[in-house]
Amino acid sequence: MALLIRDLQRAVPLRRARLRRDCQVLRQILGLGHFDLGLICVDNQRMRILNGRYREQEAATDVLSFPFHQDLRPGDIPKLLHQDEYNLGDIFLGVEYIHKQSQIYGQDFYNVLTMFQRESNTLQMFNILTGASLKPLTQNIFSTHT
């Protein structure tokens with residue numbers, strides 16, 4: 001299914017081809033390749049607005065997610081009845097925020113853009129399925145906000 005990437009920011013030059021490739025791999029690893037997903041890349045100003053509106057926190061952040069299926073627990077894959085339900089939702093990436101954090105901690109920007117979320121989501125699913133309580137190794141460096 002479709003992976004829609006929209007770059008609505010100009011603060012950081014973004015290579016969408018690499019982001020698309022990494023996200024496609026992530027979707028395949030997690031068994032979600034047949035679901036639609038929207039990735040929207042925004043700057044700090046737009047992220048502050050979104051974070052204020054939806055989380056009542058007037059600050060830029062790295063990630064905000066808006067799942068299509070509201071009643072799922074983290075790690076669950078939706079059980080669908082119709083083709084139009086094959087949608088994961090939208091993820092807003094605070095590209096400017098992530099870029100600044102990657103510079104501060106000496107991390108590769110593109111790896112941080114996709115790898116931290118992949119690590120966090122994979123561990124979350126593993127914890128649900130096994131009852132473990134593992135946390136990302138990078139949790140004290142980069143935070144996720146969903």
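Start at D43, which is buried yet has no salt bridge; R46, the nearest side chain of opposite charge, is 5.0 Å away. Buried means under 20% relative accessible area, exposed over 50%, and partly exposed in between, with a 1.4 Å probe and protein chains only. A salt bridge is a side-chain nitrogen of Lys or Arg within 4 Å of a carboxyl oxygen of Asp or Glu. For charge, Lys and Arg count as positive, Asp and Glu as negative; His and the chain ends are not counted.

Before moving on, note that this is a predicted model, where local features need pLDDT of at least 70, side-chain atom pairs count only at pLDDT 80 or more, and totals for chains, interfaces and linings use all residues. Residues are numbered from 1 along each chain as its sequence is written, and side-chain values use heavy atoms, with hydrogens and water left out.

Stay on D43. It sits in the loop between β2 and α2 (44–55). Show Q9, A11 and E96: D43 touches them, not counting residues up to four places away in sequence. Contact means heavy atoms within 4.5 Å.

**Zoom out.** Switch to cartoon. The chain has 4 helices and 4 strands. Along the sequence they follow β-α-β-α-β-β-α-α. Helices (H or I, at least four residues) and strands (E, at least two) are DSSP runs, numbered from the N terminus. Of the 146 residues, 39% count as buried. Among contacts between residues at least 6 apart in sequence, 67% join residues at least 24 apart.

**Select the core.** Pick L14, L19, L39, L93, F109 and L113. These have the most contacts inside the largest nonpolar core, a set of 18 residues. β1 (3–7), α1 (16–29), β2 (36–42), β4 (87–94), α3 (95–104) and α4 (109–130) each supply at least two residues of this core. The largest share, 4 residues, comes from α4. A nonpolar core is a set of buried Ala, Val, Leu, Ile, Met, Phe, Trp, Tyr and Cys residues joined through side-chain atoms within 4.5 Å.

Center on L19. Leaving aside neighbours within four places in sequence, L19 is in contact with I5, L14, L39, C41, L93, L113 and T114. Next, select V42, M47, L50 and L64, which are among the 6 residues of a second, separate core.

**Turn to α3.** Which residues of α3 are buried? Select V95, I98, Q101 and S102. They cover an arc of only 130° around the axis, so they lie on the same side of α3. The arc is that of the directions from the helix axis to the C-beta atoms. Then step to G106, which follows α3 and has a positive phi, near 65°.

**Finish on the charges.** The count comes to 4 salt bridges. Show R18 and D22, whose side chains meet at 3.8 Å, N to O. Both lie in α1, 4 residues apart, about one turn of the helix. R18 is partly exposed at 21% relative accessible area, while D22 is buried at 11%.

Salt bridges that share partners join R18, R21, D22 and D108 into one network.
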